[in-house]
Amino acid sequence: MTVAGADRIDPSRSTAVPELEVTGVAKSFGAVAALRNASLTVYSGEVVGLLGDNGAGKSTFVRCITGRLHPDSGTIKVAGEEKRIRSPEVARALGIEVVHQDLALVNSLDVAANLFMGREIVHGAGFFSRLGLLKKRDMRKQAQAVLEQVGVKLPSVSATVGDLSGGQRQGIAVGRAVAWGQRVVLMDEPAAALGVEQAQHVLDLIRRLRDQGIAVVMISHNMEHVLKVCDRVVVMRRGESIGSARVPEVTGEMLVGFITGAIPIPDAAQVPSSSERMT
Ligand SMILES: Nc1ncnc2c1ncn2[C@@H]1O[C@H](COP(=O)(O)OP(=O)(O)O)[C@@H](O)[C@H]1O
Ligand SMILES: [Mg+2]
């Protein structure tokens with residue numbers, strides 16, 4: 001077993017361009033200001049934990065980044081280029097995948113159809129594609145392979161998603177993001193409905209994404225999970241990102257303190273690394 005971060009270069013300390021750089025996002029629903037000033041930077045090969053109490057704005061932030069909501073203001077840069085992510089399709093085309101807190105599955109469709117939603121393998125061109133005929137057999141085979149990788153046990157990839165358990169449904173949503181993620185993967189409480197063993201599997205998948213150079217954002221209320229896989233955390237409160245810390249330098253108790261406000265959180269730029277602190 002390797003200690004997370006011990007033998008790796010800290011990507012956030014390099015001069016590389018971040019895969020995702022979100023600055024000053026605001027989003028209101030009528031009179032409710034869900035986001036006031038939310039920012040987040042993630043580098044290739046980095047796992048950033050997005051933390052905050054219920055209602056802090058985490059899910060709204062993720063929806064604004066992945067095209068499900070349109071932010072009122074703020075900028076999103078992907079690999080250094082400013083982008084307007086008008087829809088989930090645009091996010092996908094940019095290599096950004098997401099596991100939404102509500103999973104965003106279509107209950108009336110089967111597992112394979114959910115895994116391929118929005119990018120069905122089309123059988124032939126022209127006439128057939130206009131009819132929307134899909135190579136069902138290929139989709140099922142690939143769906144099976146994806147689910148095996150994620151460790152989700154299902155009766156069949158032809159099962160209707162609405163008939164499955166919460167854990168199975170969450171596994172499908174995670175599998176979909178992991179399978180298609182090219183550049184950035186955001187996961188909004190990906191292990192919330194999972195048992196201990198399957199949750200560990202998801203943490204392993206996150207590490208694997210990181211090792212492939214993908215930038216990962218994970219929202220979790222489980223501090224043990226955060227300490228296990230995250231390189232850095234960004235803490236949100238009342239719609240604002242209020243600070244950031246490097247995980248090897250914090251404890252679970254400190255994280256809870258940052259979230260509740262009991263402990264002031266410094267900005268990452270001002271957090272000296274452990275080695276700097278020792279001198
Ligand atoms: N569609 C919506 N309409 C109205 N208010 C919303 C909507 N979505 C989120 N909110 C509000 O925005 C705030 C942030 O919510 P959310 O992003 O879900 O927080 P978190 O994921 O951190 O728990 C909450 O006060 C929530 O009630
Ligand atoms: Mg949420």
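Apart from neighbours within four places in sequence, Val226 makes contacts with Gly49, Leu51, Ser220, Val233 and Leu255. The model described here is predicted. Val226 belongs to helix 8, which spans residues 223–229. Because 21 other C-beta atoms lie within 10 Å, and 20 or more are required, Val226 is classed as buried. The C-alpha atom of Val226 is separated by 8.2 Å from that of Val247, a residue 21 positions away along the chain.

Taken as a whole, the protein contains 10 helices and 10 strands. Of its 279 residues, 43% count as buried. Among contacts in the protein with a separation of 6 or more, 66% involve residues 24 or more positions apart.

Two of the contacts of Val226, Gly49 and Leu51, lie on one side of strand 3, together with Val47. Strand 3, formed by residues 47–51, is accordingly described as mostly covered, with five of its five residues buried.

Strand 3 pairs with two further strands. Strand 8 (residues 215–219) runs parallel to strand 3 and is joined to it by four bridges. Within this pairing, Val216 of strand 8 stands opposite Val47. Strand 9 (residues 232–237) is likewise parallel to strand 3, and four bridges connect the two. Here Arg232 of strand 9 is the bridge partner of Val48.

Val48 itself is located in strand 3. This residue counts as buried because it has 25 C-beta neighbours inside 10 Å. When neighbours within four places in sequence are set aside, the contacts of Val48 are Leu40, Val42, Val217, Cys230, Asp231, Arg232, Val233 and Val234. One of these residues, Val233, is 185 residues from Val48 along the chain, yet the two C-alpha atoms are separated by 5.3 Å.

Elsewhere in the protein, helix 5 (residues 136–150) packs with helix 6 (residues 166–180) at an angle of about 105°, and the axes of the two helices are 9 Å apart. Helix 5 and helix 6 are therefore roughly perpendicular to each other. Helix 5 contributes Val146, Leu147 and Val150 to the contact, while helix 6 provides Gly171, Val174, Gly175, Val178 and Ala179. By class, the residues of this contact comprise six nonpolar and two polar, with no charged residue.

The surroundings of ligand 1 consist of Phe29, Val32, Ala34, Gly52, Asn54, Gly55, Ala56, Gly57, Lys58, Ser59 and Thr60. Two or more residues of this shell are supplied by each of strand 2 (32–42) and helix 1 (58–65). Helix 1 accounts for the largest share, with three residues. In terms of residue class, the shell around ligand 1 holds four nonpolar, six polar and one charged residues.

Terms used: Residues numbered from 1 in each chain as written. Chains lettered and ligands numbered in written order. Predicted model: local features only at pLDDT ≥ 70, side-chain atom pairs only at ≥ 80, totals over all residues. Axes fitted to C-alpha atoms, helices over the stretch in contact; angles between N-to-C directions. Parallel < 35°, antiparallel > 145°, perpendicular 65-115°, else oblique. Contact = placed C-beta atoms within 7 Å. Nonpolar A, V, L, I, M, F, W, Y, C, P; charged D, E, K, R; others polar. Buried ≥ 20, exposed ≤ 12 C-beta atoms within 10 Å, placed from the backbone. Pairing = 2+ DSSP bridges. Near = placed C-beta within 6 Å.
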